[in-house]
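Keep the viewer open as you read.

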Amino acid sequence: MSWDELRASLRQTAQREKHHNGPLSILGTMALLSAVAGVLLAAVFIPGTALFASTANNLSNDIVDLPLTLEDQPSAQTTRLLASNGDLIAYFYEENRQDIPLAKISPTMQDAILSIEDARFYEHGALDLKGTLRALVNNASEGATQGGSSITQQLVKLTLVSQATTKAQRLAAIKKSTARKIRELKLAIEYEETHTKKEILERYLNLAYFGDSAYGISAASYHYFSVSPAKLNVRQAATLAGLVKNPVEFDPRVYPEKALARRNTVLAVMAKLGKITEAQAKRFQAAPLGLKITKFPNGCVSTVAEFSCDYVRRYLLTQGALGSTVEERQRALERGGLTIKSNISVRMQKAANKAVTDTVKAKDSGAIGAMAMVEPGTGKVRSLAQSRPMGRSKKKGQSFINFTVPPRFGDSGGFPAGSTFKMFTVAAALKQGIDVGQSFNSPPRMTVPAGTYFACNGGGTSPWPVKNSTSSGNKNMYTGTRESVNTYFAQLEKKAGLCNTVRAAEAMGIKVPDQDQVGPFTLGVTSVSPLDMAAAYAVPASGGLYCKPRPIDSIVDSNGKSIMKYRPACERVLTEEQAAQINDILRGVQEPGGFGFSNGTGLSVPSAAKTGTTQDNKAVWYAGYTPELATAAMIAGVKKTGAPKSLVGVTVNGSFISFAAVGGSSLAGPMWAKAMQAVDDFLPGTNFDPPPERQPAPQKAKKSSGGDDDDAGRGRGRGNGNGDD
């Protein structure tokens, strides 16, 4: 006879006896009770191997694969992502659960769950034969308030479901069958032999599902009532205790009337058992549910730092400390109950969020605004922000593409960085011993002949027609950089060496494809992310150290044990003198007369910057820094796929962008300023180190040997050098 057949038969007998004789007679049910006892005794006396053999023919492989002994494996726990100051940013979980000791669960909650689920818990062993038989009779006749399975039996079932590794095993763990029941009974008996009652109750309360994605008493307490389990009152405890029987049917958010009725049943049982008085029960039953919902959103969507959070998540999936494979790391992240302290600054994140979303709107379908902040000398990623919020709604302008980070962390291919790359040419020149007074006659336009530059593989380059969009004339390294004179940099790149310039960029974290090793490299033809550029510009800010971007400070497991403590990964790529020289050159952009300052980018603390406008006007940039914070701001034209397109003709925040309006200092500069000006009061205001040389007096330059200007400005395509601000 199967378990369900036994229950059905007992129900029929009970109804028959009641119809003829009133309350059930003992004689009328003796035979069936003997049958029940036989099934239960099988669990006690049949060895595990015999149980396996006797049931294997009737079970799927997945049921057979379920354990014959119960192991105390860790249950799935919720991982928390924290900001640098400890503020919560996000949760990651398969099941929202935070295990706590029984001592931190109110005695009232313990009374409530035992009253409704297993009132004789401390009096019987794994199997409450009396309770099981009573429940079968009551369920058949009068309708029961308490189930027949003991807390330990329920715990076995919950554990088997939790530890199942396949969908089929999960279904097998809940399948209604005599074989499963006997297996659970045997496991429960063995479990009670090695665990105390308090240990069992603690694990049960931590494992039970309370509905609405709340697993365990801690998640349930905070979710439904916004209090810790230690502070649950009688009404709250009774509500939660009533949920475990059927968390869906009694979900207080969806079915408040059913939840209220179930809570009142629990209160009545508690009064009957003497846990509360009848008067208290009546008073509590007259009260409303009193829900105070706290949400536990899973993942980064709608957090204060959506794309910073997503970068952290994807970064973690590359970390060997969490496992040897991506799958193992994902499991650790979503089940491990980790505490991940990030380097995200909430203050800087909010400043970046506001700056970007005030400048470029989510529904500006042809444009994207993006920003990254990095701490010089440590590589700490302080914030990432973009104009498109995270999500799937195209109507709302949402996207899951992270435009702020390199492709492996965000699926964006990046955008050319324009004349912000001129900083790398200056660095290469200084490393080659070229003096800042190096002057070139820099005409409005010129054509650089083929073979002028040589890539790192020794190959020569094609002719390059280049023109200026700012000023022209006799320029040195200071004036040529501050005024972003393209023809000056075409000549400086030749003198420093194209390969040396490429190597300088690579030393600062820029990945340069072979096909980008061309004359216009100095004008930023390579696609990069705002995070790449913020980390690169942090090099001179730090005094010459390139530090790999570092979004995480530490990882701690669910027991408080350190898994990983991240240290700065820095390498000196410039001397302190070279860095100081670059800082002195670039600070002119942020001072009166500079392109940035004239567009309102000035700060109350010492700062430096470089503007950038890309080939074909696909993106505008402003990369600037103080000694404590480097920030790269970008506004780019994007197709629906996220690929670059020209900004010309795009509407940004209600303004039509004409060809003349596309400029790094005029578009990206104000966005950069909104973020930096919001936080500069909180920066120490440290000054840059003095440079080896100050700005030289203008000198008459020798005639340029860069080539003939007859074709200047006629070039098309990749190498035009169509200007800067």
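By about how much of helix α9 are glutamate 190 and lysine 186 separated? They sit 4 residues apart in α9 (residues 178-194), so about one helical turn separates them. (Helices here are DSSP runs of H or I with at least four residues, strands are runs of E with at least two, and both are numbered from the N terminus.)

Before going on: this is a predicted model, where local features need pLDDT of at least 70, side-chain atom pairs count only at pLDDT 80 or more, and totals for chains, interfaces and linings use all residues. Residues are numbered from 1 along each chain as its sequence is written, and side-chain values use heavy atoms, leaving out hydrogens and water.

Back to our pair. Side chains of opposite charge can pair when their charged atoms come close. Glutamate 190 and lysine 186 form a salt bridge, with 3.8 Å between the closest N and O atoms; the term asks for a side-chain nitrogen of Lys or Arg within 4 Å of a carboxyl oxygen of Asp or Glu. The structure has 17 salt bridges.

Now find helix α13 (residues 256-272) and helix α14 (residues 278-285), whose axes come within 9 Å and cross at roughly 170°. The axes are lines fitted to C-alpha atoms over the stretch in contact, with angles from 0 to 180 degrees between N-to-C directions. That makes α13 roughly antiparallel to α14, a label for angles over 145 degrees. Residues in the contact (heavy atoms within 4.5 Å) include Leu267 and Ala271 of α13 and Ala281 and Phe284 of α14.

Technical notes:
Angles under 35 degrees count as roughly parallel, over 145 as roughly antiparallel, 65 to 115 as roughly perpendicular and the rest as oblique.
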